[in-house]
Amino acid sequence: METDDVAGDLSEVLYTEQQVHARIAELCREIERDYAGRDLLLVGVLKGAVMVMADLARELRRHVEMDWMATSSYGTGTESSGVVRIVKDLDTDISGRHVLIVEDIVDSGLTLSWLRANLLSRGPASLEICALLRKPEAAKVEIDARYVGFEIPNAFVVGYGLDYAERYRNLRAIGVLAPHVYS
Ligand code: PRP
């Protein structure tokens, strides 16, 4: 029977909301140091990055601008193919700007590899990546992410922006989806 026990659909909590916030605060201190004296444009990738972007931007004790992109990968089911289509492009001209891409997760790395090349072609002054999560075992291409929150095992992870069939994004914690939900 379908219930609304969202947290009950996890087999394991990997990071609580408090742990996520503490790690984001650490990343923000690094970002503040690294970008001191420079304008900073945060680029969030919809939809997964919404929660990270909201918390990261509010934790930063400095001015930032925010813009958003939405991409869709032509994949087979859950596997992304690396062929990416822009569903919503930036509103901002990033040439000459210091740009930090904000992502929830680097999985295969294919999305960010494509996005990085796409944004680099627009001539930013600098381009770096901040990803809350990274799955090293799932990497198909190496992504040079300057800021990484947590390295996680190659499990089906949801919460804090990450979805399964568009659900669980609103879960405050990050956890492993219980097999009974999808099998
Ligand atoms: C997720 C995530 C990254 C991408 C990572 O987005 O937000 O953008 O997959 O996977 P990769 O490293 O294997 O390319 P998704 O396409 O699921 O869209 P969403 O953010 O709307 O959930």
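Phe156, Tyr164 and Tyr182 come together as one aromatic cluster. Rings of Phe, Tyr and Trp (its six-membered ring) count as a pair if their centres lie within 6.5 Å; planes under 30 degrees apart are called stacked, over 60 edge-to-face, and the rest tilted. This is a predicted model, where local features need pLDDT of at least 70 and side-chain atom pairs count only at pLDDT 80 or more, while totals for chains, interfaces and linings use all residues. Residues are numbered from 1 along each chain as its sequence is written, and side-chain values use heavy atoms, with hydrogens and water left out.

Searching the whole structure turns up 4 aromatic pairs. Here are two of them.

| Pair | Type | Centre to centre | Angle between planes |
|---|---|---|---|
| Tyrosine 15 and phenylalanine 150 | stacked | 3.7 Å | 15 degrees |
| Phenylalanine 156 and tyrosine 182 | tilted | 5.2 Å | 35 degrees |

Tyrosine 15 sits in strand β1 (residues 10-15) and phenylalanine 150 in strand β7, so their pair ties together parts that are 135 residues apart in sequence. Helices (H or I, at least four residues) and strands (E, at least two) are DSSP runs, numbered from the N terminus. Tyrosine 15 is buried because its relative accessible area is 16%, and buried means under 20%, exposed over 50%, and partly exposed in between (1.4 Å probe, protein chains only). Phenylalanine 150 is buried too, at 12%.

In the other pair, phenylalanine 156 lies in the loop between β7 and β8 (157-158), and tyrosine 182 belongs to helix α4 (residues 179-182), 26 residues apart. Phenylalanine 156 is partly exposed at 28% relative accessibility, and tyrosine 182 is partly exposed at 37%.

Now for the inside. A nonpolar core is a set of buried Ala, Val, Leu, Ile, Met, Phe, Trp, Tyr and Cys residues joined through side-chain atoms within 4.5 Å. The largest one has 29 residues, and Leu42, Leu132 and Leu133 have the most contacts inside it. Helix α1 gives this core its largest share, 5 residues. Leucine 42 touches residues including Met53, Leu56, Leu100 and Val102, where contact means heavy atoms within 4.5 Å. There's also a second, separate core of 18 residues, with Leu41, Met69, Ile129 and Ala131 among them.

Lysine 135 counts as buried because its relative accessibility is 8%. Its side chain reaches the backbone oxygen of alanine 155 at 2.8 Å.

Notes: A polar contact is a pair of N or O atoms within 3.5 Å; within protein, one must be able to donate a hydrogen and the other to accept it, and residues adjacent in sequence count only if both atoms are side-chain atoms. Lists of a residue's contacts leave out its neighbours within four places in sequence.
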